[in-house]
Structures are given as structure tokens and as C-alpha cells.
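Let's work through some exercises together, one step at a time. Try each task yourself before you read its solution.

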Amino acid sequence: MSSTLVSTAELAAHPQWRVFDCRHDLAKPSLGEEQYREAHIPGALFAHLERDLSAPKTGRSGRHPLPDPKNFASWLEKSGVLRTDQVVCYDAGNGAMAARLWWMTRWIGHEAVAVLDGGLAKWLAEKRPVTAEVPRFEPSQYSLNRKPQGHLSASDVESRGNEMLLLDARAPARYRGEQEPIDPVAGRIPGAKNRFNIDNVSPQGTFKSPGQLKQEFQAVLGNRAPSEVVHYCGSGVAACHNLLAMEIAGLPGGRLYAGSWSEWIADPKRPIESGAA
């Protein structure tokens, strides 16, 4: 069982694994599915961030709110996923989008799920096969075997903020409130520290070594335990990349504030902070 990363060679050697293409462009939400229909890793189904991995937006719930766990399990059933399956998620490259499906699958208790290290970019660079054929799978029976774990609400963050270390996965300029290309208000949740999720990968687009990731995260965490860390970003996607990186580093137990910055600022009464930490 793989629960963090799999290599392209490992995936190629296991055609029975259940594979999901998670490519997504925030500026053009239809692009990932269009690219999937042109070419994808054989056996892969498409997982749309907004349709399959998020609940409908309410105006106060952030840009990519978590779906009801039963609805997510129903989507897994329609995709033919079994409790015994090894699931592999990939995106165009660094895994930032794929990590959302990785985290959600673990959220409902399915531990055999991993991200393809290097994503489709590495797969193609190695001249491995792709196809436009959309596979068909018989629907499964996928029962939830535990209450979803590892997520916090905005009220949890507001009422228990002093008990946790908030870790912001956005780019430093967004964290400092100097730029905000997506959400209507700039800044960060007060007290948060910054770990840009792109720093988790090498220039080649694969994850850094566990040792290097551990050293880098511990430099940010200080004496805080991994279980005290609550991850957020703009909408609960890139934060999952940091959660994955901490798992790779041997620092498990972090939690996700899925509503993230886009939900936090939906209530103007919530405090915000900007500038250097």
C-alpha cells in the first residue's frame, strides 16, 4: 500500500491501480477536463475540482468548500472504487491539485491513496503511453467506515486559534497582503506562518526528499507538534499539498481548514493581518 507518493515506474507496473486525473486551471475551470479528453494516463478517470471535489459555493463557504462526505463516497461508488483499491491521483505536474483528492480520500478513511510524483509532466517526459479512451468501471458499494477526520471550520479557527499553528500555503506576496490576484480582500489570518507549497518540490517538479522537507517544515514549526498545525490557503487546495509534504517528511497529524482565506474574508467581522510576520 502506498499512502503518500508513487513513482511513474511504480504506476506503470500496476495497471490495476485506480487512477484519477486532477488537472485544473483556476482561471479556466473547464481546461483540465478538456485536456483529459485529449490525452491522459491509461485507465484514468477525471476528477473535477469544482464538480467532484467541492460542494456548491454559498457565498460564505469559500471557493472550494468540502462536499458532504456521503456525496463524495457516492462519487467514488460511481467511479467504481473499492475499499481495497490503491488509488493514485495526478495533475499536470507538481501535485498541488492532485493533493486535494489525496487528502479527501484519506479524510473518509481510505489510506491506500497516493500522488504521482512529478505528475503527467514526468510521465510524458519519460515517453510513457497516453490515451483519449475514457475507461468504464462498474459502480461499487463504498460505505463510509468512519466519521471524516482532520478538518476544521472557521468557528474552530476563531475559537481555538491560540491552540494551533496556522500555516498559510499561499505565495509570500499573498501571505503578506501585497498581492491578491484571486480573492477580493488581501492579507492573512492573524498569527499565521507561511510555507509556500511550491517550495515542497524540486525544480524538476518532484517532491524534495523526506529529510529536506522535514528540516524545512521544522524550521517553520519550531517547537509546535505536527498535530497542532492547521493548514490553509486560498480555498483549501494548495494547503493539501503542504499536508502531503508533511506526511512525506514523517510529520503526520496536521489538519485542514478547508474554507481557507476565501471563507475567512466572507465575514467582514473576522480579523485580518498583513505585512511581514
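Helices (H or I, at least four residues) and strands (E, at least two) are DSSP runs, numbered from the N terminus. The model is predicted, so local features need pLDDT of at least 70 and side-chain atom pairs count only at pLDDT 80 or more, while totals for chains, interfaces and linings use all residues. Residues are numbered from 1 along each chain as its sequence is written, and side-chain values use heavy atoms, with hydrogens and water left out.

**Exercise 1. Locate His 231 and describe its surroundings.**

Step 1: Find the element. His 231 sits in strand S9, which covers residues 229-232.

Step 2: Judge the accessibility. Buried means under 20% relative accessible area, exposed over 50%, and partly exposed in between (1.4 Å probe, protein chains only). His 231 has a relative accessible area of 0%, so it is buried.

Step 3: List the neighbours. Contact means heavy atoms within 4.5 Å. Leaving aside neighbours within four places in sequence, His 231 is in contact with residues including Leu 167, Asn 242, Leu 243, Met 246 and Tyr 257.

Step 4: Compare sequence and space. From His 231 to Gln 179 there are 52 residues in sequence and 20 Å in space, C-alpha to C-alpha.

**Exercise 2. Which residues have the most contacts inside the largest nonpolar core?**

Step 1: Set the rule. A nonpolar core is a set of buried Ala, Val, Leu, Ile, Met, Phe, Trp, Tyr and Cys residues joined through side-chain atoms within 4.5 Å.

Step 2: Read off the answer. The largest such core has 64 residues, and Leu 101 and Trp 103 have the most contacts inside it. Helix H9 (residues 238-248) gives the largest share of this core, eight residues.

Step 3: Look around Leu 101. Not counting residues up to four places away in sequence, Leu 101 touches Phe 20, Cys 22, Ala 47, Leu 53, Phe 72, Trp 75 and Cys 89.

Step 4: Look for another core. A second, separate one has 14 residues, among them Leu 152, Tyr 232, Trp 261 and Trp 264.

**Exercise 3. Describe how helix H4 packs against H9.**

Step 1: Check the cover. H4 (residues 98-107) is mostly covered, with 10 of its 10 residues buried.

Step 2: Take the geometry. Axes are lines fitted to C-alpha atoms, for helices over the stretch in contact, and angles run from 0 to 180 degrees between N-to-C directions. H4 and H9 pack at an angle of about 70°, and their axes are 8 Å apart.

Step 3: Name the arrangement. Angles under 35 degrees count as roughly parallel, over 145 as roughly antiparallel, 65 to 115 as roughly perpendicular and the rest as oblique. H4 is therefore roughly perpendicular to H9.

Step 4: Find the contact residues. Ala 99, Arg 100, Trp 102, Trp 103 and Arg 106 of H4 meet Cys 240, His 241, Leu 243, Leu 244 and Glu 247 of H9.

Step 5: Sort them. Ala, Val, Leu, Ile, Met, Phe, Trp, Tyr, Cys and Pro count as nonpolar, Asp, Glu, Lys and Arg as charged, and the others, Gly among them, as polar. The contact of H4 with H9 divides into six nonpolar, one polar and three charged residues.

**Exercise 4. Are Lys 127 and Ser 260 buried or exposed?**

Step 1: Start with the backbone. Most residues other than glycine have a negative phi. Lys 127 is not a glycine, yet its phi is positive, about 60°; Ser 260, also not a glycine, has a positive phi of about 55°.

Step 2: Lys 127 lies in the loop between helix H5 (119-125) and strand S6 (151-152), whereas Ser 260 belongs to helix H10 (residues 260-264).

Step 3: Apply the cut-offs. Lys 127 counts as exposed because its relative accessibility is 75%. Ser 260 counts as buried because its relative accessibility is 0%.
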